[in-house]
Amino acid sequence: MNGSLEETRSLLQGLLSGWSDDYRNVEVAVCPPFTALMEAQRLLLGSPIQLGAQNANAEKSGAFTGEVSPVMLSEIGCSYVILGHSERRTIYLESSEAVSRKVKGALAFGLKPILCIGETLEERERGITEFVLLEQLRGSLAGVSAEQLASVTLAYEPVWAIGTGKTATPEQAQIAHAFIRAQVEMLYSKASSENIRIQYGGSMKPDNALELLSSPDIDGGLIGGAALQAASFLAIVAAAASASQ
């Protein structure tokens, strides 16, 4: 919940003016607040930067005051939607069952979900990280076919490393990503696990992006505060371009 219309406009103009051909191998999307989506779509039209939203309801329409449907997002040019973000799970108590309905709703109307999973500090300290990740993964992907999974991006969010002063090392992040990939293979197939994109969402910044993105099972980043300034955002994109070479 950051960024006025003018701040969003300024950020996107900064991204576009600083864009380089060196980034052509990096897929980039921005997910501004709902109120800025139309302006973002206008500014990004014809650019290499894609548009996404931060949440969506599972239903096409109906008596859900205050909600936004996947159809509404699709018709204004969104390609992606973030679902199951740790803040939605912890603050708004969204269950994996509810997230699963949203994932299937997004897929049904042409959106590509960015599905978030991750453990809290308490869960990590209790030694149940893998249990939590597997339960969230299995529950959030319930009813999603292997064919549909090809349109899903996973994002690992170590909730304990976001805005807490604690940081996950690249080794910790890689271990979690490798575990998630192995579970995808068990739930679906080796081909699915090899092809799925798993992003890291634990406070990736310009100074740690290259090391994280060079890890074998980290395919990208789900960036929060570090993406609110164009220079910082572009530095992370540049790191991704370097890691992809």
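At what angle do helix H5 (residues 96-108) and helix H7 (residues 129-140) pack, and how far apart are their axes? The structure is a predicted model, in which local features need pLDDT of at least 70 and side-chain atom pairs count only at pLDDT 80 or more, while totals for chains, interfaces and linings use all residues. Residues are numbered from 1 along each chain as its sequence is written, and side-chain values use heavy atoms, with hydrogens and water left out.

Two packed helices are described by the angle between their axes and the distance between the axes. For H5 and H7 the angle is about 40 degrees and the axes lie 7 Å apart; axes are lines fitted to C-alpha atoms, for helices over the stretch in contact, and angles run from 0 to 180 degrees between N-to-C directions. The two helices are therefore oblique to each other (angles under 35 degrees count as roughly parallel, over 145 as roughly antiparallel, 65 to 115 as roughly perpendicular and the rest as oblique). From H5, Ser-96, Val-99, Ser-100 and Val-103 meet Glu-135, Gln-136, Gly-139 and Ser-140 of H7, where contact means heavy atoms within 4.5 Å. The residues of this contact comprise two nonpolar, five polar and one charged (Ala, Val, Leu, Ile, Met, Phe, Trp, Tyr, Cys and Pro count as nonpolar, Asp, Glu, Lys and Arg as charged, and the others, Gly among them, as polar).

Attention now turns to helix H2. Helices (H or I, at least four residues) and strands (E, at least two) are DSSP runs, numbered from the N terminus. In H2 (residues 37-44), the buried residues are Leu-37, Glu-39, Ala-40, Leu-43 and Leu-44 (buried means under 20% relative accessible area, exposed over 50%, partly exposed in between, with a 1.4 Å probe and protein chains only). These residues cover an arc of only 160 degrees around the axis, which puts them on the same side of H2; the arc is that of the directions from the helix axis to the C-beta atoms. Met-38 and Arg-42 are exposed on the other side. The buried residues of H2 pack against H1, strand E1 (28-30), strand E2 (49-53) and helix H3 (70-75). Just after H2, Gly-46 has a positive phi of about 85 degrees.

Helix H11 (residues 206-213) has Ala-209, Leu-212 and Leu-213 as its buried residues. Viewed down the axis of H11, they fall within an arc of 85 degrees, so they line one face of the helix. Asp-207 and Glu-211 are exposed on the face turned away from that buried side. The cover over the buried residues of H11 includes helix H9 (170-187) and helix H12 (230-243).
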